[in-house]
Amino acid sequence: MKKKASKLFISVLLSLIFAMLFETVAFAGASTKSSAIKGIRYTINKFYTYAEDYNGSKIKQCFYRPAAASVFIENKELAKFCKDYNKKYLMWTIKSIKVKGSTATAKVRCSYLDAYYPISHSFLDMVDYILINPNYTSLALNKYQSSKIRENIKNYDIDYPIKTITFNMKKKKGTWKINKCTTAITDSITCGYMSAYKDYFN
């Protein structure tokens, strides 16, 4: 009888130990995922916060490959244009995050000023400017384009889209980064500049 009781006790004890081990592993997994979600939220929120002030250098650091990010740094006129309108119209909400190991996918609902048509027309304006001023400088041309976009905003259609943008994230040295600088992401912080540029020059 004592042997049966002893065996039963050992069996129950082992079951409890295994259950505790399983709960520990599950908790660790849940904790890791929660930490990843927090890190991803931090990066995306920082990205858009930097975009509001249009701090090009800091925006680039949010990407896995900073050099591949399409950001206005040297062109201070267009950077200021983006800052002025992002401050007024850029809004975002992180809707979902799915984590898989060292990669993740986030869906972000974003609203911004889309100046696709004013920007597109500014490229035509730049052609005229170059023809009239063959000895133009890059600084003068940048200033001219920025002024024409602002002028064109008053004369051509603009939009305030609400788009769901996909952010592919990747972990780099313990920090979550945006893995790819897509047209949708770039448009959201440049008032649609990337789409207008691609459609005009391609």
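Predicted model: local features only at pLDDT ≥ 70, side-chain atom pairs only at ≥ 80, totals over all residues.
A search of the whole structure finds four salt bridges. As a general principle, side chains of opposite charge can pair when their charged atoms come close.

One of the salt bridges joins aspartate 53 to lysine 87, with the closest N and O atoms 2.7 Å apart. Aspartate 53 belongs to helix 1 (residues 2-53) and lysine 87 to helix 3, so this pair ties together parts that are 34 residues apart in sequence. With a relative accessibility of 38%, aspartate 53 counts as partly exposed.

Another salt bridge lies within a helix. Lysine 80 and aspartate 84 meet through their side chains at 3.2 Å, N to O. Because these two residues are four residues apart in helix 3, lysine 80 and aspartate 84 are separated by about one helical turn. An α-helix has 3.6 residues a turn, so residues three or four places apart point the same way. Both partners are partly exposed: lysine 80 has a relative accessible area of 48%, and aspartate 84 has one of 24%.

Lysine 148 forms a salt bridge with glutamate 151, and the closest N and O atoms are 3.2 Å apart. The two residues are three apart in helix 5, about one turn of the helix. Lysine 148 has a relative accessibility of 15% and therefore counts as buried, the limit being under 20%. Glutamate 151, at 39%, counts as partly exposed. Salt bridges that share partners also join Lys80, Asp84 and Arg150 into one network.

The next step is to see how helix 3 and helix 5 are placed. The axes of helix 3 (residues 76-89) and helix 5 (residues 138-153) come within 8 Å and cross at roughly 30 degrees. Angles under 35 degrees count as roughly parallel, and helix 3 and helix 5 are therefore roughly parallel to each other. From helix 3, the residues Glu77, Leu78, Lys80, Phe81, Asp84 and Tyr85 take part in the contact; they meet Asn142, Lys143, Gln145, Ser146, Ile149, Arg150 and Ile153 of helix 5. Sorted by class, this contact has five nonpolar, three polar and five charged residues.

The buried residues are Ile185, Thr186, Asp187, Ser188, Ile189 and Thr190. A salt bridge requires the nitrogen and oxygen to be within 4 Å. If neighbours within four places in sequence are left aside, aspartate 187 is in contact with Tyr112, Gly192, Tyr193, Met194 and Ser195. After helix 6 comes cysteine 191, whose phi is positive, near 60 degrees.

These parts may now be set within the whole protein. The protein has seven helices and four strands, arranged along the sequence in the pattern α-α-α-β-β-α-α-β-β-α-α. Of its 202 residues, 34% are buried. Among contacts between residues at least 6 apart in sequence, 69% join residues at least 24 apart.

Note on methods:
Residues numbered from 1 in each chain as written. Heavy atoms only, no water. Axes fitted to C-alpha atoms, helices over the stretch in contact; angles between N-to-C directions. Parallel < 35°, antiparallel > 145°, perpendicular 65-115°, else oblique. Contact = heavy atoms within 4.5 Å. Nonpolar A, V, L, I, M, F, W, Y, C, P; charged D, E, K, R; others polar. Buried < 20%, exposed > 50% of the residue type's maximum accessible area, 1.4 Å probe, protein only.
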